[in-house]
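We will go from stop to stop, and each one tells you what to select.

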Amino acid sequence: MGGSARNRGVLERDDAPGQSPYERLSQRMLDITGDRGVLKDVIREGTGSLVTPDASVLVKYSGYLEHMDKPFDSNCFRKTPRLMKLGEDITLWGMELGLLSMRKGELARFLFKPTYAYGTLGCPPLIPPNTTVLFEIELLDFLDSAESDEFCALSAEQQHQFPLTKVLKVATTEREFGNYLFRQNRFYNAKVRYKRALLLLRRRLAPPEEQHLVEAAKLLVLLNLSFVYLKLERPTTALHYGEQALVIDQRNVKALFRCGQACLLLTEYEQARDFLVRAQREQPFNHDINNELRKLASYYRDYMDREKEMCHRMFATCENDSAVGEN
């Protein structure tokens, strides 16, 4: 995050006697709260509209204590993006206010006074009481849940009054929220978001020249639903959505793979093999597909061994009964 800024050091170092690095930095930062409790310095400008209060934000960030050049807590140093819901997942008031001042793609530094950070208690043992902290935040993207929720609350007739682009945007937002919940292992909640997206797309009657846009959006949602139902250990429903995805694209590798996984869980071994072989035909060197085929072969051998053992016991019982009758 912010490689050029990182190379310059977290704070510029000049020779102002009697001033801390934070004091020197704060003199050229923008006051976004009116009481100098949250100060901001834009490193790279963003584009588009400001973050909305009900949004979920995709960010990378790091936090620093005064006089330190390293993150104060490994949990506060996000090298990989993280999607967080405003008002729910963000614990620092200053960070939430700072994010509301940002645009997509923006990289900025913020100084949070104790009132907007960890307060009079701090966060022992890492953060002392009454500590001012510096955060570097990169806003990669944000999703506006308010817009989506309002649209989904409308009747089908009201939704039809909006252009297709609006429906596709809301459906994409719902699916991306589902992906966020899925990554948190909140599979039931993810399923709810995916089904909302699918309902929106099924309601929409698009003209022939735009129908391919609806079908492409449906395909992504159906693949997500098939996957989430596998995680919920409901393979019959997973197979149902996977087969619907194949109606749209009969050679889709993910759909074939999900159907194969579902059939394997249902012990429908012949059907599982058919789906997985079709997937392998599309991607011969796909590691996951080949592993699933090996798993299928192992399960099928075990199944056949159990069948043979059962038959052996049945015939043995019959032979013993015959012997008793002769005696």
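What is the volume of the largest pocket? It is about 270 Å³. A pocket is an open set of points on a 1 Å grid over the protein atoms alone, where a 1.4 Å probe fits and protein lies on both sides within 12 Å along at least five of seven lines. Its volume is the space filled by probe spheres set on the points, which are joined across faces, edges and corners.

**Before you click on**

This is a predicted model: local features need pLDDT of at least 70, side-chain atom pairs count only at pLDDT 80 or more, and totals for chains, interfaces and linings use all residues. Residues are numbered from 1 along each chain as its sequence is written, and side-chain values use heavy atoms, with hydrogens and water left out.

**Stop 1: the pocket**

Select Asp 141, Phe 142, Leu 143, Asp 144 and Lys 169. Of the 14 lining residues, these lie nearest the centre of the largest pocket. A lining residue has an atom within 4 Å of a point. Now colour strand S3 (47-50), strand S8 (133-144) and helix H6 (164-183). Each supplies at least two residues of the lining.

**Stop 2: the whole chain**

Zoom out. The chain has 12 helices and eight strands. Helices (H or I, at least four residues) and strands (E, at least two) are DSSP runs, numbered from the N terminus. Of the 327 residues, 44% count as buried. Buried means under 20% relative accessible area, exposed means over 50%, and partly exposed is in between (1.4 Å probe, protein chains only).

**Stop 3: helix H6**

Select residues 164-183. H6 has 20 residues and reaches 29 Å from its first C-alpha to its last, close to the 28 Å expected. The expected span is 1.5 Å times one less than the number of residues. Is H6 largely enclosed or largely open? It is largely enclosed by the rest of the structure, because 15 of its 20 residues are buried.

**Stop 4**

Select residues 211-231, which form helix H8. Its end C-alpha atoms are 31 Å apart, which agrees with the 30 Å that its 21 residues should span.

Next, show Tyr 194, Leu 201, Val 221, Leu 225, Val 228, Phe 275 and Leu 296. In the largest nonpolar core, with 47 residues, these touch the most other members. Such a core is a set of buried Ala, Val, Leu, Ile, Met, Phe, Trp, Tyr and Cys residues joined through side-chain atoms within 4.5 Å. H8 gives the most to this core, with 10 residues. A second, separate core has 26 residues, including Leu 86 and Phe 135.

**Stop 5: Asn 224**

Stay in H8 and pick Asn 224. Buried or exposed? Asn 224 counts as buried, at 16% relative accessibility. Beyond its neighbours within four places in sequence, it is in contact (heavy atoms within 4.5 Å) with Arg 175, Asn 179 and Tyr 194.

**Stop 6: positive phi angles**

Most residues other than glycine have a negative phi. Arg 36 has a positive phi of about 60°. Look for Arg 36 in the loop between strand S1 (30-31) and strand S2 (38-44). Arg 36 is partly exposed, at 37%. Thr 267 also has a positive phi of about 60°, in the loop between helix H10 (253-265) and helix H11 (269-282). End at Glu 233, which follows H8 and has a positive phi, near 60°.
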